[in-house]
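Visitor: I would be grateful for a close look at a single part of this structure. Please describe its surroundings and then the elements that follow.

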Amino acid sequence: MILNGNNIREAFPILERSVYGKRFVYFDNAATSQKPREVLELHDTIYRNSNANIHRAVHRLSAEATDLYEQGRAAVKRFINAGEDGCVILTSGATASFNLLAHSFTARFVGKGDRILVSEAEHHSNLVPWQLACDRVGAELGFIPVDDRGEIILDEYERMLDGRVKLVSVAQVSNVLGIVNPIREMVSMAHAKGIPVAVDGAQGVVHSESDVAALGCDFYIFSGHKIYAPAGTGVLYGKKALLEKMPPFFGGGDMVGTVSFEGTTYAPLPLKFEAGTPNYPAAACYAPALKMAEAMRSDADVFHEERRIVMFLVEQLQKINGLRIAGLPRDMGNKVPVISFSVEGAHPEDMALILDKMGIAVRSGLMCAEPLVRKFSDKGLLRISLLPYNTMEEAEFFMECLKKTLAMLKAI
Ligand SMILES: Cc1ncc(COP(=O)(O)O)c(C=O)c1O
C-alpha cells in the first residue's frame with residue numbers, strides 16, 4: 001500500500017472498532033502505538049509457519065526464524081543509520097535497554113565520586129536504573145534543570161559538565177512535555193569535554209530524527225512497540241568502541257563463546273548482550289513496522305497535517321480557563337503531538353474516566369515521570385498523544401468532549 005494522509009487509518013485494523021457503542025478515539029499513543037496490518041500478519045505468519053528457536057539449530061525452521069529476526073535488526077540499523085555492524089542490540093524494551101546500559105556502563109566506566117547527568121524531565125526508566133547503578137558503584141546523579149516551559153536550561157547544563165561527569169543520559173522528547181530537546185547541541189557540548197551521551201529516544205524515535213550519526217550520540221535507546229512493532233521489543237544502539245569494553249548484563253545461552261566450569265568467554269557483539277531466547281517473532285516485525293514509520297515520516301502531507309493538529313489543540317486548550325499546559329517551548333516547531341495539562345478544579349483521573357466513557361482513550365496521572373509531573377501538578381496531569389493515524393476531526397471531537405467533561409465536573 002502506498003501511504004498518504006488519506007489511507008493511513010485503513011492500515012490499522014483496530015481503529016475500526018468502537019467502544020461502549022461509540023466511535024473509538026485513541027489518544028494514548030505515547031504509551032503504545034497501534035499496529036498496522038503488515039505487522040499483525042508477519043507476527044501471525046511466524047507462529048503459523050516459521051516458529052523455531054533462533055541462532056541455535058541447524059534445521060530449516062530455525063534458519064527461517066533466525067533470518068526474520070536478523071532482518072528485524074537490519075531494519076533498525078537502517079532506520080537509525082547505525083554505521084557499524086554489531087552495534088544494534090535487541091532488547092525487550094527501552095526499560096530493559098536502560099537497565100543493561102546503566103549496569104554495564106557503570107561497571108566499566110564509573111567509580112566512587114563520579115557523576116552521571118540526567119535531566120529533571122526523565123521517564124523513570126532513564127532515572128531509576130541510574131539510581132540503582134550509582135548506588136552500587138558509589139557514584140552520584142546530577143539533574144539538568146528544565147525551566148517553567150519545560151525546556152532544558154543549557155547554560156546550567158554546560159556548567160554541570162565537569163571532570164566528574166562520566167555520562168549524560170537525556171530524553172530526546174519527554175513523554176510528558178512533548179518538547180524536542182536540542183540533542184545535537186547537548187552532544188557537542190558534552191563531547192567537547194570528552195563525555196559520552198546516551199539518548200532516550202522512546203518518544204523521539206517516533207516524533208523527531210532517529211539518525212544516530214546526525215545526532216552524534218554514543219547510545220540511543222527506544223521501544224519498538226511505540227513505533228508500530230509489537231510489545232516486547234526494544235533497542236540499545238551503542239558505539240562499538242564503548243560496547244566492546246562493557247561487560248555483559250545478563251548471562252546465559254547465546255551470549256557466550258566457550259563455557260567451562262573455570263570460566264566463560266563471550267560472543268562478539270551484539271550477541272554478548274542478548275542472553276537467552278529473545279522475542280524473535282516480535283523483533284522480526286521491526287521490518288514492516290519501521291517501513292510504515294518511514295512512509296509516514298517521508299510524506300509531507302502527513303507532516304503538515306500533524307503540525308496543523310498540534311497548533312489547533314494547543315490554541316484551543318489555552319482558551320480554557322484554569323487549564324495549564326506542561327511543556328510549551330518558545331519555538332512551537334519543537335512541540336510534538338504529546339500534550340499534557342492540568343485544569344484547576346478537575347482531577348485528571350476523573351477527566352480520563354469521563355472521556356473514556358465518551359470513547360476517547362487518554363492517559364492520566366504521574367506518567368512514570370513523577371518528579372517532573374509533580375513540578376507542574378501534585379494531582380498529576382492529563383495527556384493526549386497522537387500519531388499520524390489521528391485526524392483533525394478527532395481533535396475537534398476531543399475538544400468538544402473535554403469541554404463537556406469539565407462542565408460535568410463543574411470546573412468551567
Ligand atoms: C521517554 C520514555 N522513556 C522510556 C520509556 C520506557 O519504555 P518501555 O516501557 O517501553 O520500556 C517510555 C515509555 O513510556 C518513555 O516514554
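Guide: In this predicted model, Leu161 is buried, because 21 other C-beta atoms lie within 10 Å and 20 or more are required for that description. Leu161 lies in the loop between helix H5 (154-160) and strand E7 (165-171). Leaving aside residues up to four places away in sequence, Leu161 touches Met189, Ala190, Lys193 and Ile195. The C-alpha atoms of Leu161 and Gly194 are separated by 9.7 Å, although these residues are 33 apart along the chain.

E7 and E8 pair in the parallel sense over four bridges. The chain passes from E7 through helix H6 (residues 183-191) to E8, and this β-α-β crossover is right-handed. Within the pairing, Ala171 stands opposite Asp200 in E8. From strand E8 (residues 197-200), Val197 and Val199 point one way, Ala198 and Asp200 point the other way, and all are buried.

E8 also pairs with strand E9 (residues 219-223), in the parallel sense and over three bridges. Here Asp200 stands opposite Ile221 in E9. With residues up to four places away in sequence again not counted, Ile221 touches Ala94, Ser97, Phe98, Leu101, Ala198, Asp200, Gly201, Val235 and Leu236.

In soluble globular proteins, nonpolar side chains tend to be buried together.

Note on methods: Residues are numbered from 1 along each chain as its sequence is written. This is a predicted model: local features need pLDDT of at least 70, side-chain atom pairs count only at pLDDT 80 or more; totals for chains, interfaces and linings use all residues. Helices (H or I, at least four residues) and strands (E, at least two) are DSSP runs, numbered from the N terminus. A residue is buried if 20 or more other C-beta atoms lie within 10 Å of its own, exposed if 12 or fewer, and partly exposed in between; C-beta atoms are placed from the backbone. Two residues are in contact if their C-beta atoms, placed from the backbone, lie within 7 Å. Two strands pair if DSSP finds at least two bridges between them. A crossover is right-handed if, with the strands pointing away from the viewer, the path from the first strand over the helix to the second runs clockwise.
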